[in-house]
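This briefing is for a reader new to the structure. Please look at the sequence and the model first, then read the points below by topic.

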Amino acid sequence: GCRVASGVWEDPYTGRIVRDAGSLDIDHVVTLKDAFESGGFMWPRERRVEFANDPDNLLAVTASENRSKGSKGPDEWLPKNPDYRCEYISKWMDVKSEYGLTLNSCERTMVEYMMRTCEDGKVPPRPQ
């Protein structure tokens, strides 16, 4: 029954400062759909609940960015904020690894490209 009354947040996906808690959503970095399709369908209920509530996989972001992302992976969507793209892909891979989730071929190709780009100190472009 608790509600956030006030605060200041930075949306890592846009880099914007947010002062209205009502304009925020909690995003699953690795989406629930992606987790289910990449191995989570075999998990018992307790593991699914653990994944859905894992703070390492949750970010406060603007509702509009959360909806823009939807259930897309990094092969289809990257944050608008170029300074967060490398951290985003690292976080996405950490969660996938922690839960033993697979990558499809498009995800693997994009992640490998992005990791090389980040290692070179460059900003990965957003998928078209």
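The structure holds six salt bridges, a salt bridge being a side-chain nitrogen of Lys or Arg within 4 Å of a carboxyl oxygen of Asp or Glu. This is a predicted model, in which local features need pLDDT of at least 70 and side-chain atom pairs count only at pLDDT 80 or more, while totals for chains, interfaces and linings use all residues. Residues are numbered from 1 along each chain as its sequence is written, and side-chain values use heavy atoms, with hydrogens and water left out. Helices (H or I, at least four residues) and strands (E, at least two) are DSSP runs, numbered from the N terminus.

- Side chains of opposite charge can pair when their charged atoms come close.
- Arg 67 and Asp 25 form a salt bridge, with 2.6 Å between the closest N and O atoms. This pair links distant parts of the chain, since Arg 67 is in helix α3 and Asp 25 in strand β3 (residues 24–28), 42 residues apart.
- Arg 67 is exposed, at 58% relative accessible area, whereas Asp 25 is buried, at 18%. Here buried means under 20% relative accessible area, exposed over 50%, and partly exposed in between (1.4 Å probe, protein chains only).
- In another salt bridge, the closest N and O atoms of Glu 50 and Arg 47 are 3.3 Å apart. The two residues are separated by about one helical turn, because they are three residues apart in helix α2 (residues 45–52).
- Glu 50 counts as partly exposed, at 40% relative accessibility, and Arg 47 is partly exposed with a relative accessible area of 24%.
- A salt bridge also joins the side chains of Lys 80 and Glu 65 (3.2 Å, N to O). Lys 80 lies in the loop between α3 and α4 and Glu 65 in helix α3, so the pair ties together parts that are 15 residues apart in sequence.
- Lys 80 is partly exposed, with a relative accessible area of 44%, while Glu 65 is buried, at 2%.
- A network of salt bridges links Asp 34, Lys 96 and Glu 107.

**Aromatic rings**

- The whole structure contains eight aromatic pairs. Rings of Phe, Tyr and Trp (its six-membered ring) pair if their centres lie within 6.5 Å; planes under 30 degrees apart count as stacked, over 60 as edge-to-face and the rest as tilted.
- One of the pairs joins Tyr 13 and Trp 77, whose ring centres are 4.9 Å apart with planes at 65°, so this pair is edge-to-face. Tyr 13 lies in the loop between β1 and β2, and Trp 77 in the loop between α3 (63–69) and α4 (85–98), so parts 64 residues apart in sequence are tied together.
- Tyr 13 and Trp 77 are buried.
- The rings of Tyr 13 and Tyr 88 are also edge-to-face, because their planes are at 85°, with centres 5.8 Å apart. Tyr 88 is in helix α4, so its pairing with Tyr 13 ties together parts that are 75 residues apart in sequence.
- Ring pairs link Tyr 13, Trp 77, Tyr 84 and Tyr 88 into a cluster.

**Gly 15**

- Gly 15 is in the loop between β1 (9–10) and β2 (17–18). At 31% relative accessibility, Gly 15 counts as partly exposed.
- Leaving out residues up to four places away in sequence, Gly 15 touches Glu 10 and Asn 81, where contact means heavy atoms within 4.5 Å.
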